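I opened this notebook to keep track of what I looked up, going from the whole chain to single side chains. The entries are kept in the order in which I made them.

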Amino acid sequence: MDLLNTLVDKGLRRELPTREEALAVLATSDDELLDVVAAAGKVRRQWFGRRVKLNYLVNLKSGLCPEDCSYCSQRLGSKAEILKYTWLKPEEASEAAAAGVAGGAKRVCLVASGRGPTDRDVDRVGKTIAAIKEQNEGVEVCACLGLLSDGQAERLREAGADAYNHNLNTSEATYGQITQTHTYADRVDTVQKAHAAGLSACSGLIAGMGESDEDLVDVVYALRELDSDSVPVNFLIPFEGTPLAKEWNLTPQRCLRILAMVRFVCPDVEVRIAGGREVHLRSMQPLALHVANSIFLGDYLTSEGQAGQADLDMIADAGFEVEGAGTTTLPAHRADVAEAATAGGCGSHGGGASLCGSAGAGGNAGEAGCGSACGGCSGHAEAAPVAAQQAEPGEVRSDLVAVRRRGAGTDLAPNA
């Protein structure tokens, strides 16, 4: 297939595909699906081998968010029966993080609901980062706290944070349809603040909210323009009690095409399968590992995921290996210039605006802190009981979404 050969060649050279090529990936047929996965797999193996990076979420503060993000179970007015609690103490967060690290996680993602942190919140998170790093040598810590004010990204870096997560979620053209309490430009500004402060930029999207193929391509091109090191791809799980409870628009095949398109546009970055993989990819999760090189381990922010041991078994059975703590995730040409790239732009692409494409508007401002950027607010189900079920568009399927009742904020052991 000429299209896939062209995309593989461009991916191996880190060259940006045309928008028409990216759209063509999303328009491929089911008969072509394995060819699409195989082509994306060649690009993935070029830059990441057969390694899979494990990430673990700790929800520092759950629920009661003043923002109105339609996809989020923690949003203003949400009727979802999720856990609600205020800030975990540093030792509580460190204990939760240790469970993920013991399960093989290389990065711990600290998420808190809310529009954005106060300076006091930043101090609180700084103490939590210190507690986690003291107990877990070599662990990476990513913060996801919402919209950042001037100077806060620098303070987080000084406190030991390695990365900051803030998703663009959808295209600039459709952003106002899912959120009104902040703007797409707000999100872009926060990603740029994190990048400029020397934090690794982690920013991704949510698929399945009713967006068009053009919207998906727009947001992925914008992420490339922002030079995100990590791109989490969330698949919406419509949480009962949220405005998008009836949006069941995804199939496993659609999810694989989306992941492949992201890989072709962002060939040398960490592409992470985030929220929704168990529900929407189901038995095709191992196939997605041929495209993405990173997943979350165990549970999410407000919903339950696949058992941690099942994740590890899936990785091994598919012929992949868990990335060790001593291994650098990003390829050398990105890792070596990470500090040089903090001034913005596309420095980690190795120079030359031709590699950055024309993504249009710069970025996006954050998840309002509720962290679906990290894969939690879009909801999750336990994979095994629902694997054979398929929801119909316009139908509320609360049986497919398991609310988290263990781990952080509870007296029960976490799933890792």
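The entries below begin with the chain as a whole, then turn to a pair of helices and end with one histidine.

**Entry on the whole chain.** I note at the outset that this is a predicted model. I looked up the secondary structure and found 14 helices and 10 strands in the chain. I then looked up burial, and of the 416 residues of the chain, 62% count as buried. For contacts with a separation of 6 or more, I found that 80% are accounted for by residues 24 or more positions apart.

**Entry on two helices.** How do H2 and H8 pack? I read that helix H2, residues 19-26, and helix H8, residues 213-226, pack at an angle of about 125°, and that their axes are 10 Å apart. The two helices are therefore oblique to each other, and I noted that their crossing is right-handed. On the side of H2 the contact is made by Arg-19, Ala-22, Leu-23 and Leu-26, while H8 brings Asp-213, Glu-214, Leu-216, Val-217, Asp-218 and Tyr-221. Sorting this contact by class, I wrote down 6 nonpolar residues, 4 charged residues and no polar ones.

**Entry on His-182.** I located His-182 in the loop between strand E4 (163-165) and helix H7 (184-196). Is His-182 buried or exposed? With a relative accessible area of 3%, His-182 is buried, because buried means under 20%. I also looked for a partner, and the side chain of His-182 makes a polar contact with the side chain of Arg-187, at 3.2 Å.

Conventions
Residues numbered from 1 in each chain as written. Predicted model: local features only at pLDDT ≥ 70, side-chain atom pairs only at ≥ 80, totals over all residues. Heavy atoms only, no water. Axes fitted to C-alpha atoms, helices over the stretch in contact; angles between N-to-C directions. Helix = DSSP H or I, 4+ residues; strand = E, 2+ residues; numbered from the N terminus. Parallel < 35°, antiparallel > 145°, perpendicular 65-115°, else oblique. Left-handed = near helix turned anticlockwise from the far one by under 90°. Contact = heavy atoms within 4.5 Å. Nonpolar A, V, L, I, M, F, W, Y, C, P; charged D, E, K, R; others polar. Buried < 20%, exposed > 50% of the residue type's maximum accessible area, 1.4 Å probe, protein only. Polar contact = N/O pair within 3.5 Å; in protein donor to acceptor, adjacent residues only side chain to side chain.
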